[in-house]
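Subject: Structure handover

Hello,

Here is the structure for you to look over. My notes follow below it.

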Amino acid sequence: MLRKLNGLIIKVIAIIGIIISALFTLNGSITMTSSTSGLINSGLNKAASNSGNEGVQTGVQLFQSLGLESLIANQLPKKITLKTSLTKFKQTAQSIQTNHSVTANDFDLKNSTDQEKILNDVLVKLANNEIQENKETFNQIAQYYQLGYYIILFLYLIAIIMVLFGNRGAIIPLLIASVGSYEILKYGSTQAMESLQQTLYSGIKINLGGEFMTSVTIAIIISIGWLFLAKVGSKKKVSSKPAQPHYKHQA
């Protein structure tokens with residue numbers, strides 16, 4: 001009876017650990033930051049160089065020589081910060097699929113001041129223009145993202161079910177969901193940052209919150225603990241089986 005109780009407690013602890021790991025993975029912060037003045041200046045230069053129009057290029061040069069871009073930037077927040085998570089971005093992906101647009105709430109943009117509201121409106125408008133111009137591409141990205149999100153959820157659920165049945169293999173879906181999603185996110189954020197730095201502004205940074213590493217740490221600890229305790233438990237079951245009597249057959 002005591003052995004069964006200990007086994008139940010171990011399973012409950014493992015399941016709680018898996019749930020905590022899943023929450024950190026799904027709600028970990030993904031943040032993009034950029035200098036407002038640097039982004040405006042870079043945007044003006046790229047707009048001028050890509051236009052191929054001498055009038056536009058001259059206008060931009062005049063605009064910059066008069067210091068007007070600095071005057072505008074000084075009226076706006078010094079830093080642009082876009083914040084999301086896997087769960088929040090799933091809602092954004094659904095919005096892209098159904099409405100072909102995003103809002104300030106999708107990126108945790110705050111409208112505390114009139115200047116912030118102006119900047120956020122510009123950012124949202126630029127994002128929605130890009131979505132409208134590339135509907136099919138963004139629709140496919142949204143579909144793939146939602147599929148990946150549900151795969152992560154499914155892997156965590158499989159790990160919980162396998163723990164309930166005392167299966168040592170539960171560590172496989174757990175580690176794939178936690179460590180795998182972190183590595184994919186790290187690679188994807190690096191690629192996205194490099195692309196944005198080339199196309200928009202070299203000062204753009206994308207960072208993953210510490211919640212993802214916490215999720216990985218918890219998953220590894222739970223995996224090691226579960227593998228060891230499940231192995232010990234299986235040995236005890238084997239040793240506790242009564243020995244079968246051996247009968248000698250007389251000739």
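How many bridges join strand β1 to β2, and do they run parallel or antiparallel? There are 6 bridges between β1 (residues 30–35) and β2, and the two strands run antiparallel.

Before the rest, a word on confidence. This is a predicted model. The chain has a mean pLDDT of 80. Of its residues, 75% reach 70 or more. Confidence is lowest in helix α3 (residues 54–65), where the mean is 56. It is highest in helix α7 (residues 135–164), at 93.

Overall layout

The chain holds 9 helices and 3 strands. Read from the N terminus, the order of elements is α-β-α-α-α-β-α-α-α-α-β-α. The chain has 251 residues, and 31% of them are buried.

The sheet

The 3 strands form an open sheet. Their order is β2-β1-β3, and the pairing is antiparallel. β2 (79–84) and β3 (205–208) are the edge strands. Each has a single partner strand, so one side of each has no neighbour in the sheet. On average, neighbouring strands are turned by 20 degrees against each other, with direction ignored.

Gly209 sits in the loop between β3 and α9 (211–240). Is Gly209 buried or exposed? Gly209 counts as buried because its relative accessibility is 15%, and the cut-off for buried is under 20%. Ser85 is 124 residues away from Gly209 along the chain. Even so, the C-alpha atoms of the two are separated by 9.3 Å.

The salt bridge

How many salt bridges does a search of the whole structure find? The search gives 1. Glu183 pairs with Lys186, and their closest N and O atoms are 3.7 Å apart. Both residues belong to helix α8 (residues 171–199). They are 3 residues apart, about one turn of the helix. Glu183 is partly exposed, at 39% relative accessibility. Lys186 is also partly exposed, at 35%. As background, side chains of opposite charge can pair when their charged atoms come close.

A nonpolar surface patch

Which residues form a nonpolar patch on the surface? They are Leu8, Val12, Ile16 and Ile20. Together they have about 330 Å² of accessible area. Ile20 is part of helix α1 (residues 2–27). With a relative accessible area of 34%, Ile20 counts as partly exposed.

A backbone point

Most residues other than glycine have a negative phi. His100 is in the loop between α5 (86–99) and α6 (114–133). Its relative accessibility is 23%, so His100 counts as partly exposed.

Where to look

For a quick pass, start with the sheet order β2-β1-β3. Then go to Glu183 and Lys186 in α8.

Best wishes

Terms used: Residues numbered from 1 in each chain as written. Heavy atoms only, no water. pLDDT = per-residue confidence, 0-100. Helix = DSSP H or I, 4+ residues; strand = E, 2+ residues; numbered from the N terminus. Buried < 20%, exposed > 50% of the residue type's maximum accessible area, 1.4 Å probe, protein only. Patch = residues over 30% accessible without salt bridge, like charges linked within 9 Å, V, L, I, M, F, W, Y side chains within 5 Å. Areas by Shrake-Rupley, 256 points an atom, 1.4 Å probe, with all protein chains shown as cover. Salt bridge = Lys/Arg side-chain N within 4 Å of Asp/Glu carboxyl O. Pairing = 2+ DSSP bridges. Axes fitted to C-alpha atoms, helices over the stretch in contact; angles between N-to-C directions.
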